[in-house]
Amino acid sequence: MSNHAVLSFDGVSINYSPSGPWALRDVSFSVSAGERVALVGPSGAGKTTILSAANGLVAPTEGRVRVHGTDTASLGREGRRAIGSIPQGNALVGSLRVAQNVASGRLGYLGPVETLRELVRPRDTEDIVAILEQVGIPEKLWDRADQLSGGQQQRVAIARTLYQKPDLILADEPVSALDPARSDAVMEILTEAVATTPGRALVTSMHDAPLALKHCDRIIALRRGEVLFDAPSESVTEPQLAMLYELES
Amino acid sequence: MGLVNFNSLKSKPFAALLLVLALVAAACGSDAAPASQSGASSSESGGAESAVTEINLGAIPDQDPELLARNYGLLADYLTEETGVKVNFQPVTAYEAAVSQFRVGDLDLVWFGGLTGVQARLQVDGAEAIAQRDIDAEFTSVFIASTDSGIDPISDVAGLEAVKGRSFTFGSESSTSGRLMPQSFLEQAGVALGDLDGEVGFSGAHDKTIALVEAGTYEVGALSSQVWKSKVEAGEVDLDKVQLIYETPTYFDYHWVARPELDADLQNKIVNALAALDPSNAEHAEILEFFGAESFIGTESDNYSDIESVGRASGLIE
Amino acid sequence: MTAAPLASAVSTSPPARWGRRFWWIFGAVLVAYSAQRAGLDLGRLFNTRGFSQFSDFFEAMFRPDLSWDFVKLAIGEAGVTLGFAILGTALSVLIGIFGGVLLTERVWLNVAGTSGASHWVWRTLRGLFAIPRAMHEVVFGLVLVNILGLDPLVAVLAIGIPFGAVTAKVFAELLDEVPPDAEQTLRAAGAGRFSALMFGAIPHAMSDILSYGFYRFECAIRSAAVLGLVGAGGLGFQLALSFQTLRYNEMWTLLWALIILSGIADRWSSLVRRRRNAASVEMHASLSTSAPAKDPVLRTSAVLFLLAIPVAWWRLDVSAASLWSGRARRLSTELWRDAFPPALGDDGWRGLLGDTVDTLALAVLSMVLAWSIASVVAFIASRIENPWGSPANIVRSMVGTFTRLVLLIARAVPPPVWAFLMVFILKPGLWPGVVALAIYNLGVLGRLQAEVVENLDDRPGRALRASGASAFGVANFATLPAVSGRFTALGLYRWEVAIRETVTLSVVGAAGLGRTIRDQAVRFDYDGILASIVALVLITLFVDAISSSIRRTIR
């Protein structure tokens, strides 16, 4: 795998309105292949903004965001295929079946005719089932997405991203709606996905300090749009993280 | 998505609400009062001898509503003056609605068509036809055809056979000149409604019949000759597209029908007042012109027995 | 792949959904049969010669009669229509609240939650409320005018009763959705069933109940206009007068007044409902998702509406006393005697059946037409975020505003007027009625579906776009699947309404039961009318049943 960073932030500042406060202020970091990074911090610290900027959905006011060395401002469909995102609240299409929801992860590769064919019936069902097995719910293949439980929906959202086979997985609070046992299982799937695929990296925002420490190898702590610290998990203690959440609440 | 919009519009509902209230208030200012039950005074009385304090006069409009309101207003004022009883005018949109309102007693004196007048009398014991126009004893209908249809003018009733196999529209369902009599003449010529092309149409009004035949929607139509003539005179008919093919023999049509609560004395006063309308008096002339008549004359229910039997034959009267 | 053995345990083809297939075939057969019934000979469909008259009407749109007298008249009549709508809505909410309580299943359960004989009382009540729900306002108007005569109460009751029955059903469903804990606690403590509901459930559902009331108000304006057209007074009444002599300029003065009035009512109603979009309200779906506890706009609107009630009451000179007058009693017994038992016409069962099938065909075809067009138009008519954000946004929102105006006109002009206009350019038969009803419902559906689009959850689409999907991919995998269910449900609900609306289409050649009722009305054939009304109620209940069973299958 190449040695350049999968994702890099270079002096990035973002404000949503010219007069408003900075959502991000001079943030710089880079993520290499194989890394599992947790973004932690209280609400409004800028976690989601970082993920949106990494996705190219929000343009930096200052600085540059690059994925595989390409500026996200000029990210085309090809570039986007490399980025898999699991947005907050999973963003499945409730009226479609699990199979189609998973299949939609590869829309970046499909032309109009193939898109319609996938919609009628996903072609690569075996591959989809295999991925659903990774997330533990192969039997839900033909269920409607909105008839699944919250935890199952979250797994489908992850399956969709895994089916996409991206280099960079961006997950926004992937476990916030789940109970502790399920949270652990879901994080396990995500870290597995990075560990078993060379060249892949994970950036996830987290609310749960112990879970972040357990599953990620690097913590970026944010507060009011600025990086408070950026350190390997081993050097961060649980009380340190817990304090971070208490700061602003 | 919508949230953004709504927040920016927060002040608007109040403006809208004020506007709505203002509208209600504005309505209060105008004098376009809707029909109310205020005129029911006579009908509650039950006995014919009790004094009538108000007469509700109704009419079915087949003319410009503004003219209608104005002229019936004039007529109501004139009758109020002559009879000494307050006369209110109430327009009604549909023939059968006028009959229903006459039946329940909300209208006491109505300018009915031939058929509706008979229907109304049959539904109210003691109601009588009291007056008509000079022209109503010799009313006619016309059959008109679109020029594309290739139907030539006809000289007698039997000639109406030419309508067989054509598409055809009447006017309003219970119009005498726009439906009842034309249907009866068609039957005399041996043309049943089933012999026409497709279902027979009911345009809803004389003017609409002309418009639909002109448009070619129907090949043939029938309507009151009075309306046809006035529209032709006014130059409102495109004679390149529609032409007169036949004018029917005469029959009795429009007339005034009074409820029994209006006693004989009052009915006489009304008839006399109507008959006294004089074309040489400018104000009277306006009313007469509006009715398209030279004068009003007294009439009696028996004059309409032919209409009644035709109505029974066609199932419009049961 | 290590997972291969497990994978084979899951079928690689989707399970067949027989229910869904059945309804697809059913729908296709129904549409095909309806089209065949209406006639598919294209050569006999259009009447090109009448186009100039058709366009004359629309040219008059820009030349309304603006003489002060007529404008004054239009404003006054708009006030009458508004008054009917206000009082009609007020009555429907009143009936709705009382009826809703009676129709709530919980009220008929014991404290222990078991049901006994009272279950049957509940069932019977529900059945009874279904009948007025199946009858159009115009049918009520037709009956009431024979009892009350020239009385503004005719319009108020004609709107209030059927709307009240619908509202009661919706309220009952809303109350059933309120968590039962509070109420159960009260009943366990010895409170009576009604007082427990009053304290335990109604306050919880109140804001939804009021929101729904405002949606009904918006519908009531349109109903008041249609009722006017058949003689009840107000804008519709004047419209009918000007229509008889085809005075298009006058008609447009009145139509513009109606358009402005319903535009204001629609906008007000959607502001009050705020994030409870019309679609969920129309579909009586759970409304509570985002109901704020204290909504100042809703409260102010409710207070203003309450204030408007006495104003309208006084202005229209309404007197409830006429309901109990001896005359009303006498006339209603007479009417009942004339109408009962219902009798078949000359054509007997065959005639009645034919008319009923025509009515069904009319509703099916017009809804298929309206729904297909509305499903496309909804995307154009929906409001967008940040309308002034970019030149493209400005163009898009201008097109959107124009489309919304067209939809507003389509639903403000009453169906009978559309039907008559259609007869200029279409050959007489079912089609003019089909197109007229389709245009009117396009106006209603287009707006409701645009609200679905506006309230669409855009996260799935964003997620797909972020992973490199094309616009086409996003549309097919996120947008369309997300809206299609609601679109279809809305279409089916409107189909139920459309069956009722066919009764307003007695004009030229638009066949079916509306035509028959008109014929019978002219002959004062009351027992025939009753037979037609019964047929209409039965077909409406039939369509209601089919529609809700389709909705259950496809949801």
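Predicted model: local features only at pLDDT ≥ 70, side-chain atom pairs only at ≥ 80, totals over all residues.
A polar contact, as the term is used on this tour, is a pair of N or O atoms within 3.5 Å, where, within protein, one atom must be able to donate a hydrogen and the other to accept it.

**Stop 1: B:Thr116**

The side chain of B:Thr116 reaches the backbone nitrogen of B:Gly113 at 3.0 Å. With a relative accessible area of 0%, B:Thr116 is buried. If residues up to four places away in sequence are set aside, the residues that B:Thr116 touches are B:Ile60, B:Tyr95, B:Val99 and B:Ser174.

**Stop 2: the two domains of chain B**

Now colour chain B by domain, giving one colour to domain 1, made of 54-137 + 253-314, and another to domain 2, which covers 140-247. Taken over C-alpha atoms, the centres of these two domains of chain B are 27 Å apart. Where they meet, 17 residues of domain 1 of chain B are in contact with 12 residues of domain 2 of chain B. The area buried between domain 1 and domain 2 of chain B is about 1,100 Å², and carbon and sulfur atoms give 59% of it.

Across the interface of the two domains of chain B the rule finds zero salt bridges, while three residue pairs are counted in polar contact between them, both residues of a pair being at pLDDT 80 or more.

**Stop 3: C:Thr104**

Move to chain C and select C:Thr104, in the loop between helix 4 (68-103) and helix 5 (118-133) of chain C. The side chain of C:Thr104 reaches the backbone oxygen of C:Gly100 at 2.5 Å. C:Thr104 is buried, with a relative accessible area of 0%, and, leaving out residues up to four places away in sequence, C:Thr104 touches C:Trp122, C:Ala172, C:Leu175, C:Asp176 and C:Leu197.

**Stop 4: backbone details in the loops of chain C**

Select C:Asp317 in the loop between helix 14 (296-315) and helix 15 (321-324) of chain C. Although C:Asp317 is a residue other than glycine, its phi is positive, near 60 degrees. C:Asp317 counts as partly exposed because its relative accessibility is 41%.

Next, show C:Phe340 and C:Pro341, which are joined by a cis peptide bond with omega about 0 degrees. C:Pro341 belongs to the loop between helix 16 (326-339) and helix 17 (348-381) of chain C.

Finish at C:Phe524, in the loop between helix 23 (513-522) and helix 24 (526-554) of chain C. C:Phe524 is not a glycine, yet its phi is positive, at about 55 degrees. Is C:Phe524 buried or exposed? At 10% relative accessibility, C:Phe524 counts as buried.

Notes
Residues numbered from 1 in each chain as written. Chains lettered and ligands numbered in written order. Heavy atoms only, no water. Domains from an automatic or database assignment. Contact = heavy atoms within 4.5 Å. Buried area = accessible area lost by both parts, 1.4 Å probe. Salt bridge = Lys/Arg side-chain N within 4 Å of Asp/Glu carboxyl O. Helix = DSSP H or I, 4+ residues; strand = E, 2+ residues; numbered from the N terminus. Buried < 20%, exposed > 50% of the residue type's maximum accessible area, 1.4 Å probe, protein only.
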